Amino acid sequence: DRSGRLEAKMWDGVAEVASSFERDDVIKVQGIVQLYRDRLQMTVHRLRPAQESEIEISDYLPRTQRNIDEMFQVVRETMERMQNPHLRQLLEAFLGDEEIASRFRMAPAAKTLHHAFVGGLLEHVVSLLNLARLTSENYAFIDLELLQTGVILHDMGKIEELSYKRAFGYTNEGQLLGHIIIVLRMVDQKCRQIPGFPPKWKMLVEHMILSHHGKYEFGSPKLPMFPEAVMLSYLDDLDSKLESMRASLAEDAHGGDEWTSYNPSLDRMLLHKDRFLAESAAVEGAHPANEPPRQDDFGDETAAEPAARAATSARPQTMSLFGERLQSALQKPKEGE
């Protein structure tokens with residue numbers, strides 16, 4: 001659900017229930033949750049489709065932790081501050097379109113790779129706007145307004161490429177065309193609605209959209225060919241990779257392993273550096289092998305021992321809401337105990 005994920009397996013009685021539900025249905029399950037290789041895993045004993053009266057679909061879609069209204073206002077204020085009338089008009093044609101704006105506020109940035117949650121596309125754009133402002137201060141030759149326009153529009157086609165009403169997936173248009181072609185059509189349509197929109201400014205915006213994946217092997221139809229296009233492609237890659245890392249680390253927050261499971265989009269496992277450092281601190285503060293822990297007259301540890309324990313317990317507790325609830329349930333005493 002929106003608070004986390006865990007792997008579930010059903011071993012017995014599968015044939016009886018396999019045809020009782022479809023993809024993207026919500027089901028109720030009963031089973032046992034255990035730790036397997038430092039990850040929570042559920043063995044399902046029984047399941048049934050949930051009734052519509054039992055479902056609040058927002059409980060099952062992950063959602064941005066940031067305020068959507070505030071993020072959308074950041075995008076609008078960026079547009080309103082622009083001095084280039086052509087770029088400002090183009091962005092107003094998008095952000096002033098109620099249908100586009102409502103979908104832009106809710107769409108994920110991807111199905112699984114990065115910012116894969118409701119409001120993820122908007123969060124990605126706001127993050128890139130901040131990065132664009134900071135990095136452009138270091139390069140005086142960058143046209144910040146052109147870069148900001150590319151940031152806001154480069155993934156706008158995902159509002160139609162992805163479906164996100166009940167689960168994250170691809171629409172038929174998304175499968176057949178992809179978000180780059182979709183947004184190029186949208187830009188062309190909006191430019192036609194603006195009297196006298198300069199063709200060269202349109203071409204610059206189109207090139208930034210076409211080249212924002214950076215490399216041919218990343219699905220980019222063109223390589224970036226002017227500074228703002230290069231910067232957009234690098235910032236987009238940076239933000240998406242760091243968000244993918246954050247999500248992988250958060251997903252493994254309940255475990256004790258120093259390494260996450262394999263991240264296919266990044267082609268690597270990731271190090272929980274806080275756990276790595278905490279384990280090192282615990283080892284450094286441990287007693288020598290031949291020296292037993294010192295105790296006071298009551299058999300309690302002396303002042304040196306709590307310090308060693310503190311180093312061990314310094315590991316950040318970044319457990320998700322799902323993990324906290326599950327841990328609480330697992331720790332409840334059984335009846336008769």
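Modeller: Three strands form an open, mixed sheet in the order β1-β3-β2. Strands are DSSP runs of E, at least two residues, numbered from the N terminus. Two strands pair if DSSP finds at least two bridges between them.

Biologist: Which are the edge strands?

Modeller: β1 (7–10) and β2 (27–36), each pairing on one side only.

Biologist: How many bridges join β1 to β3?

Modeller: Four, and the two strands run parallel. Glutamate 7 stands opposite glutamine 41 in β3.

Biologist: How far can I trust this?

Modeller: This is a predicted model: local features need pLDDT of at least 70, side-chain atom pairs pLDDT 80 or more, while totals for chains, interfaces and linings use all residues. Residues are numbered from 1 along each chain as its sequence is written, and side-chain values use heavy atoms, without hydrogens and water.

Biologist: Next, salt bridges. How many does the structure hold?

Modeller: It holds 14. Each puts a side-chain nitrogen of Lys or Arg within 4 Å of a carboxyl oxygen of Asp or Glu. Glutamate 7 forms one with lysine 9, at 3.7 Å from N to O.

Biologist: What about lysine 158?

Modeller: Lysine 158 bridges to aspartate 155, with the closest N and O atoms 3.4 Å apart.

Biologist: Is lysine 158 buried or exposed?

Modeller: Buried, at 8% relative accessibility. Aspartate 155 is buried too, at 2%. Buried means under 20% relative accessible area, exposed over 50%, partly exposed in between (1.4 Å probe, protein chains only).

Biologist: And arginine 192?

Modeller: Arginine 192 is exposed, at 67%. Its side chain meets aspartate 188 in a salt bridge of 2.9 Å, N to O.
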